[in-house]
Amino acid sequence: MNELGKRIHKLRLEKGMTLVDLAGNQMTKGMLSMIENGRANPSMESLKFIARQLNCDPHYLLENHTSDELKYLFNQVEEAFHKNNDEQITNLTQGLFDQQLPTSFESARILEIGGRTVVKNDQEQGEMLIERAVAIYEQLSLFSHCVAAKVHVVENRAKKGNYGDALRLLRSIQKKYHEKAAVIDTVVEVEANYVEVVLLFGVGDYKSGKIKLNHLIELSKRKRVFYKMDDIFRIAAFQSLIHNNENDYAYFIKKSEQFAVFSENDGSLAFTLLLQAHYHNQTSKDYEQVLFYLNEFATLLKGEIGSDYYYLEKGKALLGIGQVEEALVELNQFEMPTTISYPLELSILYTADAYKAICLLQLGRVEEASSYAARAARNIGPLPRTPYQEFINNTLDMVNKSL
């Protein structure tokens, strides 16, 4: 007899009820007997019915005797998670995952957060913890939480470049839980659709990716949910640039600016300034405009410019106006971020080494140029074909001819 079964059995006897009394007209005596003896788990609907019959809260039936301690731990873990404090999460959950946890939302969420932390260094162990969380969510019929937890597994696989495997897993998740649940939480649905867009572009299926992207934008507008709009507009704008569709690009830039104003978010507005700089570097070749937008970007963020896109775009602009040494100084400050998994963004960032190679070549440092150009080509090789890949390969050819 498990804890849930024991608690139902104890309450039933305390209230002087038989199995038939408890079953009423919605359950069978046999099913209740199996639940009490731990041979079956009730659905959330059945659990709520049993709780009504016993005149108690459904959560009482699911909680164990240390529920107050578990809730306290849950609050601490949740707070650490929102602060991205992996070390604190690890310390708080030390030894916990070897124990049998009660069937409760708190248990599942702690397991999920622990899994999200562990999976960064140990994929197998992290995914196992997330699956334990999902098993509890399923018992509680919390299917939106199931999808959210499993989508994180998909994202982790995508970060390792396994786009095809991740896409197949995502679609199996979507199929399974849309069959189980009448409604999936809109934020979770947006997240899943966003990841699908990323993966479709990751496997080079731009046609399906664009269709899914348009569906995602319409979904967000229809449901009036603005979650991940920065990311959505960034993908939309970059895709427009790749396919030389300046009208779409202008539309998404305008939407990005509107969203930034609406959300009163300096980070969102800064993102639109970087997009403008990238556009002028790639398309108009108006390098003075690039420097203007980058200066606006740095002013807005009060110098907190990061170490990636700003230095890449500034280096490109300075190279474009012939300031080769100054361009190399900026490009040498560029650092590859560790959190990017979107293949188009990776493709853009990998061009940093190619631009360094061009600078070095023009400065007569051919051997160094060759090393950077070769690294750029290796990095971008597995990714879908884009103008950035073509640029890197052309750079490598140019450098090799100078050897």
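# A guided tour of the helices and the core

Begin by selecting arginine 224, which sits just after helix 13 and takes a positive phi of about 55°; helices here (H or I, at least four residues) and strands (E, at least two) are DSSP runs, numbered from the N terminus. Arginine 224 has this positive phi although it is not a glycine, and its place is the loop between helix 13 and helix 14. With a relative accessible area of 63%, arginine 224 is exposed, where exposed means over 50% relative accessible area, buried under 20%, and partly exposed in between (1.4 Å probe, protein chains only).

Before going on, keep in mind that this is a predicted model, in which local features need pLDDT of at least 70, side-chain atom pairs count only at pLDDT 80 or more, and totals for chains, interfaces and linings use all residues. Residues are numbered from 1 along each chain as its sequence is written, and side-chain values use heavy atoms, with hydrogens and water left out.

## Helix 13

Next, select residues 206–223, which form helix 13. At 1.5 Å a residue, its 18 residues should span 26 Å, and its end C-alpha atoms are 25 Å apart, which agrees; the expected span is 1.5 Å times one less than the number of residues in the helix. Which residues of helix 13 are buried? They are Tyr206, Gly209, Lys212, Leu213, Leu216, Ile217, Leu219 and Ser220. Looking down the axis of helix 13, you will find that its buried residues fall within an arc of 160°, so they line one face of the helix; the arc is that of the directions from the helix axis to the C-beta atoms. Now color Lys207, Ile211 and Arg222, the exposed residues carried by the face of helix 13 that is turned away from its buried side. To see what covers the buried residues of helix 13, show helix 12 (186–202), helix 14 and helix 15 (246–263), which are included in that cover.

## Arginine 234 in helix 14

Move on to helix 14 (residues 229–242) and select arginine 234 within it. Is arginine 234 buried or exposed? At 16% relative accessibility, arginine 234 counts as buried. Its side chain makes a polar contact with the side chain of glutamate 345, at 2.4 Å. A polar contact is a pair of N or O atoms within 3.5 Å; within protein, one must be able to donate a hydrogen and the other to accept it, and residues adjacent in sequence count only if both atoms are side-chain atoms. Leaving aside residues up to four places away in sequence, arginine 234 touches Phe271 and Glu345, where contact means heavy atoms within 4.5 Å.

Now select alanine 270, which is in helix 16 and which, at 2% relative accessibility, counts as buried. Apart from residues up to four places away in sequence, alanine 270 touches Phe297, Leu300 and Leu301. At 45% relative accessibility, lysine 285 counts as partly exposed.

Continue to helix 18 (residues 309–320), whose twelve residues should span 16 Å at 1.5 Å a residue, in agreement with end C-alpha atoms that are 16 Å apart. How many of the twelve residues of helix 18 are buried? Ten of them are, and the helix is mostly covered; among the buried residues are Tyr309, Tyr310, Tyr311, Glu313 and Lys316. The buried residues of helix 18 pack against helix 16 (266–284), helix 17 (287–300), helix 19 (324–332) and helix 20. Just after helix 18, glycine 322 takes a positive phi of about 90°.

Select helix 21 (residues 366–380) and find its buried residues, which are Ala369, Ser370, Ala373, Ala376, Ala377 and Ile380. Seen down the axis of helix 21, these fall within an arc of 130°, so they line one face of the helix. The face turned away from that buried side carries the exposed residues Glu367 and Arg378, while the cover over the buried residues of helix 21 includes helix 20 and helix 22 (387–402).

Finish with the largest nonpolar core, which has 133 residues, those with the most contacts inside it being Ile50, Leu61 and Leu199. A nonpolar core is a set of buried Ala, Val, Leu, Ile, Met, Phe, Trp, Tyr and Cys residues joined through side-chain atoms within 4.5 Å. The largest share of this core, 13 residues, comes from helix 20 (residues 343–362).
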